[in-house]
Amino acid sequence: MSLDTTLTTSVSPRRKFSNIVFRVLLYACLGIALGTLATLLVSVFSDGESRLSWDLFTNFPSSRPERAGFRSAIFGSLWVVGLTSLISMPMGIAAAIYLEEFARRDRWYNRLVELNIQNLAAVPSVVYGILGLAFIARGPLSFGFTVMTAALILTLVVLPTVIIATREALRAVPPSIRQGSLALAATRWQTIWRQVLPQAVPGIATGSILSVSRALGESAPLLLTGALTFITFTPTSTSSQYTVLPITIFNYTSQAKSGFLELAAAGIVVLLAILLLLNSAAIFIRYRFERNR
Amino acid sequence: MAMVAVDHASAPGPVVSLRPTGSARRRAIIERGVKAVLGLAAIGTVVTTIAIIVSLLGPTIEFFGDVSLSEFFTSDVWAPLFQPPQFGVRPIVQGTLMVTAIAILIAVPVGIGTAFYLSEYARPRVRRIVKPTLEVLAGIPTVVFGFFALNWVNPELVQRFWPFGEVGTFSALAAGLVMGIMIVPIVASLSEDAMRAVPDSLRNGAWALGSTKREVCTRVVFPAALSGIVAAIVLAVSRAIGETMIVLIASGSRPTTSLNPGEGMQTMASFIGFAGLGDQPTNSTGYRTIFAVGTLLFVFTFVLNMVSIRIVRRYREVYE
């Protein structure tokens, strides 16, 4: 009597059956998720391909779909997202360095800051829009409906992402590096600046690129701060009025006139293409520098 | 370079004070300065939260000066931008719960199932394809999902298969279904982290006692990872409640107390988006209504977030 037969015959057909059903259900779940993604991409691409041309980059919005394009939106997005990165990256990286390297975990105020960042990450982005409307566009700062306002609002939206990603990157640097540097009489800041940060750069870069992707796709907070106006010019300074790509796509999607649907889909293709490029860059950086380690 | 001050004069024998001098002193000042600057950046995040609360609170209090609390919470007509305005918040809260419920009904099974597959069944090669695909799903902007809901899901799925009444251009069902898919990556990746944290020794013990793979999943891994999974679900609910664009595009802007998801409904977040489209003059009732609803939304998500953190802290399985 071999051990094999005893083991295989002890599993009842009912248990074997539920095993198979479970597996099938799991495949179904996977199929739903991946299948929906595929359907989305195919349907958007097929809707938009008739309008994919360089006209999208040269035409401004218009009430006639054949003549409308995304020029103001694309340049507006470049301005807004560029300014957002300029503000959010130094601030986010600085905050992360403080929390990870300098803050004593047992102090209540440091724990408050950490809890706070977790909460900020969970706030719906519309609420940041309300904050922007009250304090940045109007209220004390009164920047109006301009590029600067949009950038400040988006900074708030992506700041938790930058902080969390940078902290992960700093944490991944082995403590032995820090200890060796300190043992050789370097100060804390010298250690961070010369040893820890250079090693953490790939992780920080990845986090930054992801935050840029996020900022590029955000639309809800900017709805409240003037991005939906009918703009037929590209921004010339940070106090220009503006629009961004996702909002213009929203605008065209909401238009009932036929012809705008294909245009909106084409805009989506452009947006997804840019995001794909950014994310590929992030993955490339991650891959490149992880190999060198 | 002189690092320490040697004080000969005031006491017999060598006395060394460790106060830095010269370039070491400069360095110490830089160190303190750097720490202060970095700390300021960290404090900036606390300032942001305070700013959110303050910005919401002021106009909200003014709002409740004009509108009674009982009308806000008990009336069931929401028409704040009409004449005469009516401020019963229940329709949009109901709409929010309806769309969120549909989204969760999709996202939880699909997300947990995907997590099970990735953590217990998938070969490394499959993982390397599926995980980045989930990340792609997570990175798609919400406008795109809204477009998809309006132009594909509603005509091809909801209008065709919904048995309870006529379905127009907008439906809560289309928005809810697509929102569910949007939050699948949140549920899947957090649940998968929780499942992978379950030590293999537990699984091996179950194998050794003759369990099938499915029994290991449902009877060992799932209960052990439950706190992480519940936290993931709570986070997903919070995300769904705050989602604006998908609802605004695919579910329209008509508040209703109907329970039929084949109709379009307005949610709290989509109302804020909708009201923000029209330019509301500062301190008009419309302007203040945005803040009142915004406060309600913020409170909902804040409470959910705290609950999620609590659950993880209190019920996390400690292995060994």
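Chain B has a radius of gyration of 28 Å, while a compact globule of 320 residues would come in near 20 Å. Keep in mind that this is a predicted model. Along the principal axes, the C-alpha atoms of chain B fill a box of roughly 100 × 70 × 35 Å.

**Chain B overall**
- The secondary structure of chain B consists of eleven helices and four strands.
- Buried residues make up 51% of the 320 in chain B.
- Take the contacts in chain B between residues at least 6 apart in sequence: 68% of them join residues at least 24 apart.

**Surface and charge of chain B**
- Chain B has about 15,000 Å² of accessible surface, and carbon and sulfur atoms account for 64% of that.
- On the charge side, chain B carries 25 positive and 19 negative side chains.
- The centres of those two charge sets sit 11 Å apart.

**Nonpolar cores**
- The largest nonpolar core counts 148 residues, and A:Phe70 and B:Ile272 have the most contacts inside it.
- Skipping neighbours within four places in sequence, B:Ile272 touches A:Val126, A:Ile130 and A:Leu224 in chain A.

**A:Thr225, a loop residue in chain A**
- You'll find A:Thr225 in the loop between helix H10 (220–223) and helix H11 (245–254) of chain A.
- A:Thr225 has 0% relative accessibility, so it counts as buried, the cut-off being under 20%.
- Leaving out neighbours within four places in sequence, A:Thr225 is in contact with A:Gly129, A:Gly132, A:Leu133, A:Ala137, A:Phe145, A:Thr149, A:Ile153 and A:Tyr242.

**B:Ala197, a loop residue in chain B**
- B:Ala197 sits in the loop that runs between helix H6 (172–196) and helix H7 (200–208) of chain B.
- With 47% relative accessibility, B:Ala197 counts as partly exposed, because it falls between the 20% and 50% cut-offs.
- B:Ala197 and B:Val221 are 24 residues apart in sequence, and their C-alpha atoms are 9.4 Å apart in space.

Notes. Residues are numbered from 1 along each chain as its sequence is written. Chains are lettered from A and ligands numbered from 1 in the order in which they are written. This is a predicted model: local features need pLDDT of at least 70, side-chain atom pairs count only at pLDDT 80 or more; totals for chains, interfaces and linings use all residues. Side-chain values use heavy atoms; hydrogens and water are left out. Helices (H or I, at least four residues) and strands (E, at least two) are DSSP runs, numbered from the N terminus. The radius of gyration is taken over C-alpha atoms; the globule rule is 2.2 Å times the number of residues to the power 0.38. Buried means under 20% relative accessible area, exposed over 50%, partly exposed in between (1.4 Å probe, protein chains only). Contact means heavy atoms within 4.5 Å. Accessible areas come from the Shrake-Rupley method with a 1.4 Å probe; for residues, only the protein chains shown count as cover. Lys and Arg count as positive and Asp and Glu as negative; His and the chain ends are not counted. The place of a charge is taken as NZ of Lys, CZ of Arg, CG of Asp or CD of Glu. A nonpolar core is a set of buried Ala, Val, Leu, Ile, Met, Phe, Trp, Tyr and Cys residues joined through side-chain atoms within 4.5 Å.
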